[in-house]
Amino acid sequence: MPIISLGESIPPDTAHAVSVSLPTWQSNVSYEEGEDWVLSRMVTGYPRFFIHKSIDAFARDFAAAYGQPGQRAMLFPTAGAARRCLEFMRQRVSQQISSQLFVIDLALDASKDPSPLLKQLSPTISGIIFPQESFSVAKQYWQHTGDGISSRRAEFSHELFKLGQFIAIGEQQPHCLVAEKPIRGPKRYLRANSASTASNGGVHSAGSEAKALSPSENPDEARESSHFLEERFGRNLDLTQVARAKSAICRRIAGSLAGDADMNDETKAHAEANSRGIESLDEADVLLYPSGMNAIFNAHRALLAALGSSKSINFGFPYVDTLKILEKFGPGCILYGNASPDELDDLERLLKDGQRFLALFCEFPGNPLLTCPDLKRIRKLADEFSFAVVIDETIGTFANVNVLQYADIVVSSLTKIFSGDSNVMGGCTVLNPESKYYGLLKKVMEDRIYENTYWTEDILFMERNSRDFSNRVRRINANAEAICGILRADPLVKNVYYPKYNPSRPNYEACRLPDGGYGGLLSIVFTHAQHAQVFYNNLETAKGPSLGSNFTLCSPYVLLAHYQELPWAAQFGVDANLVRVSVGLEETEELQLLFRKALAAAQAVSIV
């Protein structure tokens, strides 16, 4: 991949890319410092941390149509998600600001007789309106939970919004706004005979609807709508393809479909043996979400609903938003940040002293030190003291490790190596049918928790991208080991963190599949910080956030994830100057040459 300019999407020229180029060490620092020379050049960013411009454009129009000056909007796919954000914000803002928060729910305007395709898609949008000064609180919810709309859903729904296809069905306005309030959206959103077109400057009373002209009243917009749908989906899209794509993804994850099988190959799909070792596992036990973090958030919600409100355990150095979910949504958690045997000893002591927990959350391996917790011992403690085990296998991947045998719930970010193309988000939970909590969790998920919010177009991209998942993983495994060999032999390198070489390797081997490898993620710590920076600046690969891409992607991960808490991270052996590498599918020799050149540049630096 050619060098990508600062702020450009990774992959280049990709409208829904999930990474952004930060090609120098200083650009990463300046991004964290909020410096304009970086932020002004960013065409995109990592979703959840950076609100995609398509989402932002829709939110601005939404706020203009339903809010007042100085207010903003945050958009969600369902009314439930918007109200969860509303509750989160009300707990964290002043009473005065809380009184100004409200939700608008949009659905298709049935009076306009939408096309059959549009009726099948049946898109909904819910937005929370809030004062500008509380944006950071709304953004916390967006980032932590992954509940927000995807960029593809935003593009599609925004066009429908502009074409007047949506109607407000449940305005919840603050008491201070029950009188008439202005609508500042485009005039074509409004009925020609509504109060908003009167000479009073465009007002309507609380609870009224901002609606477009019907197709019979505005045939031009009806033609625009039909043209838009044809362009977006093609004239003859059969939405049953979406259901089949969803099923194919679930079967791949469940282990009953070969990674490179076509989604239409039903015969082969049902003939494949279950590679997870749990015969009762079914595709219905796999639930898809719009992001990996949303899968974790909903797993936690389901556990609280099914098993009661108790603290959880975050075992191992935490991914930032997993820890925030456990801390902010429920009674809290305790953190064991090293995933060490000593910490398991301490946990066992607490349990024997009578403390009880809802669940233990861990990653396998952990990010960024690739440490693997002792899942056998964790499972034994969970069975003895009745807490659930949730394992995030994103880095290990379904193709390399089988962690379901030790888990009640497995979660994964499909955005990463399962997709590989770095152009679509996704996540999943897998419920273990042999878990003693399975019946409770299944019922709670079906009755109260699970919402089908994974957008149609995102599903189709994810299915297509993941067809060759297992084959890609094998090649990436081999490339990563080749790169480790070069790095481990270099005198400037203090540590290479990789499951094959870590002290916790026996824990990894206990879960490694017979044909599984050690994954595509590794981390490097140099003897001097300056060596790390020069190495990073001279490594001619893509450089930005995320992992699991089909191309090699490098980042100073600790700076990006923990810039405001570097001393805290250092307590757990996480070096601020760590360089994380997600190895891709490039030719091995070509990749080795790139790393040797970057190491040579670092070797040329004199440390004073």
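This is a predicted model: local features need pLDDT of at least 70, side-chain atom pairs count only at pLDDT 80 or more; totals for chains, interfaces and linings use all residues.

Modeller: Let's start at Phe535. Setting aside neighbours within four places in sequence, Phe535 touches Ile524, Phe526, Val579, Phe595, Ala598, Leu599 and Ala602. Phe535 belongs to the largest nonpolar core, a set of 182 residues. Together with Phe62, Ile253 and Leu522, Phe535 is among the residues with the most contacts inside that core. There's also a second, separate core, this one of seven residues, and its members include Val20, Leu22, Val38 and Leu560. As a general point, nonpolar side chains in soluble globular proteins tend to be buried together.

Now for the aromatic rings. The model has 27 aromatic pairs in total. Tyr289 is buried because its relative accessible area is 1%, whereas Tyr450, at 24%, counts as partly exposed.

Compare that with Tyr498 and Tyr501, a tilted pair whose centres are 6.1 Å apart and whose planes make an angle of 35°.

Next, a helix pair. H12 (residues 292-307) packs on H16 (residues 438-449) at an angle of about 110°, and the axes are 9 Å apart. Angles of 65 to 115 degrees count as roughly perpendicular, so H12 is roughly perpendicular to H16. On the H12 side, the residues at the contact are Asn298, Ala299, Arg301, Ala302, Leu303, Ala305, Ala306 and Leu307. H16 answers with Leu440, Leu441, Val444, Met445, Arg448 and Ile449. Sort the residues of this H12 and H16 contact by type and you get 11 nonpolar, one polar and two charged.

In general, most peptide bonds are trans, and most residues other than glycine have a negative phi. Against that background, the bond from Phe364 to Pro365 is cis, with omega near -15°. The bond joining Asn367 and Pro368 is cis as well, with omega about 15°. Where do you find Pro365? Look in the loop between strand E12 (359-363) and helix H15 (375-385); Pro368 lies in the loop between E12 and H15 too.

Then there are two positive phi values to check. Ser386, in the loop between H15 and strand E13 (388-392), has phi near 60°. Thr397 has a positive phi of about 75° without being a glycine, and you'll find Thr397 in the loop between E13 and strand E14 (409-413). Are these two buried or exposed? Ser386 is partly exposed, with a relative accessible area of 41%, while Thr397 is buried, at 4%.

How values were computed: Residues are numbered from 1 along each chain as its sequence is written. Side-chain values use heavy atoms; hydrogens and water are left out. Axes are lines fitted to C-alpha atoms, for helices over the stretch in contact, and angles run from 0 to 180 degrees between N-to-C directions. Helices (H or I, at least four residues) and strands (E, at least two) are DSSP runs, numbered from the N terminus. Angles under 35 degrees count as roughly parallel, over 145 as roughly antiparallel, 65 to 115 as roughly perpendicular and the rest as oblique. Contact means heavy atoms within 4.5 Å. Ala, Val, Leu, Ile, Met, Phe, Trp, Tyr, Cys and Pro count as nonpolar, Asp, Glu, Lys and Arg as charged, and the others, Gly among them, as polar. A nonpolar core is a set of buried Ala, Val, Leu, Ile, Met, Phe, Trp, Tyr and Cys residues joined through side-chain atoms within 4.5 Å. Buried means under 20% relative accessible area, exposed over 50%, partly exposed in between (1.4 Å probe, protein chains only). Rings of Phe, Tyr and Trp (its six-membered ring) pair if their centres lie within 6.5 Å; planes under 30 degrees apart count as stacked, over 60 as edge-to-face and the rest as tilted.
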